[in-house]
Amino acid sequence: MRTQAGVVSRGALVVAVLVAVLVLVLSLLVLVGVPRWVPGSADCAATVGGRTVEVSADDAEAAASVAARAVRVRQPEAGAAAAIASRLGLDARDAMVLASALTGRAPHALSCVHGGSDQQERDRLDSVGLTARAARVRSVLDSAFGAQRTGGFAPGGVTTGHMPGSAHYEGRAVDVFFRPIAKRNKVRGWALAQYAVAHAERLAIETVIFDGRIWTARRGFQGWRSYEPDTTGRSPRVAAVLEHRDHVHVDVAD
């Protein structure tokens with residue numbers, strides 16, 4: 001026969017376990033960042049100078065397209081902000097945050113929680129060695145920013161020159177080069193990288209890497225994370241390439 005003390009003791013144990021689990025979950029959220037896929041939360045957010053602006057995926061795409069046009073014609077940041085404010089109906093300060101991120105002035109400032117795709121596509125490569133999705137990304141980037149210096153693919157596919165397991169070997173990845181490594185090229189690279197993130201859902205983009213940072217659709221709620229490949233024994237030039245200091249890597253869903 002169970003005593004009242006035994007029942008109370010068992011109940012207290014259950015409560016203690018539940019509290020411990022709750023504390024663990026909260027600790028993990030603090031560590032990785034609160035997931036932005038909570039119902040009702042925004043799809044994308046940009047943070048610049050301590051100010052955060054949250055927008056839908058559609059608005060992020062629209063703002064990124066406006067910013068790309070500004071980059072292409074070398075429009076001042078203020079002009080890009082004014083155009084974004086008009087397009088999205090934002091106030092001047094919020095529009096400037098998006099403009100700073102999407103013109104590349106603020107590195108790794110914009111992140112989105114969606115991207116990739118649950119639907120597979122055929123593995124067939126086109127004449128230059130890209131899948132249909134990767135070819136579309138290349139075409140869209142050229143249309144948005146003007147003809148880009150791209151690589152990481154070849155007719156019939158590539159078999160060497162990349163990390164083991166790289167999407168390049170499946171024709172799912174495009175590299176966009178910004179050489180030499182310099183401040184102006186870093187700005188242009190970050191404009192393109194954040195444009196890719198803003199359009200990740202529409203273009204089925206899974207991964208974007210640039211300048212020692214990585215964004216992935218699967219962990220989009222964590223934003224841009226540090227990207228630290230093993231460069232042991234490599235020359236500074238090779239290490240810079242491995243860290244993607246001179247090019248933006250974009251890959252798409254399989």
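Modeller: Let's start with Trp-224, which counts as buried because its relative accessible area is 8%. Buried means under 20% relative accessible area, exposed over 50% and partly exposed in between, with a 1.4 Å probe and protein chains only. Please keep in mind that this is a predicted model, in which local features need pLDDT of at least 70, side-chain atom pairs count only at pLDDT 80 or more, and totals for chains, interfaces and linings use all residues. Residues are numbered from 1 along each chain as its sequence is written, and side-chain values use heavy atoms, leaving out hydrogens and water.

Now, which rings does Trp-224 join up with? Ring pairs tie Trp-224 into a cluster with Phe-178, Trp-190 and Phe-210. Rings of Phe, Tyr and Trp (its six-membered ring) pair if their centres lie within 6.5 Å; planes under 30 degrees apart are stacked, over 60 edge-to-face, and the rest tilted. The structure holds 4 aromatic pairs. Helices (H or I, at least four residues) and strands (E, at least two) are DSSP runs, numbered from the N terminus. Trp-190 and Phe-210 are both buried.

Trp-190 also pairs edge-to-face with Trp-224, at 5.0 Å centre to centre and 80° between the planes. Here too, distant parts of the chain are brought together: Trp-190 in α6, and Trp-224 in the loop between β7 (213–216) and β8 (225–226), 34 residues apart. How buried is Trp-190? Its relative accessibility is 1%, so Trp-190 counts as buried.

Next, follow the chain back to the loop between β5 and α6, where you will find Pro-180. A cis peptide bond joins Arg-179 to Pro-180, with omega at about 0°.

Now turn to a helix that has α6 as a neighbour. The buried residues of α4 pack against α6 (183–198), and also against β1 (44–48), β2 (51–55), α2 (57–72), α3 (77–88) and β3 (110–112); contact means heavy atoms within 4.5 Å. Because 8 of the 11 residues of α4 (residues 92–102) are buried, this helix is largely enclosed by the rest of the structure. Those buried residues are Asp-94, Ala-95, Val-97, Leu-98, Ala-99, Ser-100, Ala-101 and Leu-102. After α4 comes Gly-104, with a positive phi near 90°.

What about positive phi in residues other than glycine? One of them is Arg-74, with phi at about 60°. Arg-74 lies in the loop between α2 and α3, and its relative accessibility of 68% is why Arg-74 counts as exposed. Another is His-244, whose phi is also positive, near 60°. You can find His-244 in the loop between α8 and β9. His-244 counts as buried because its relative accessibility is 9%, whereas Arg-74 is exposed.

To look again at where we began, find Trp-190 in α6 and trace the cluster out to Phe-178, Phe-210 and Trp-224.
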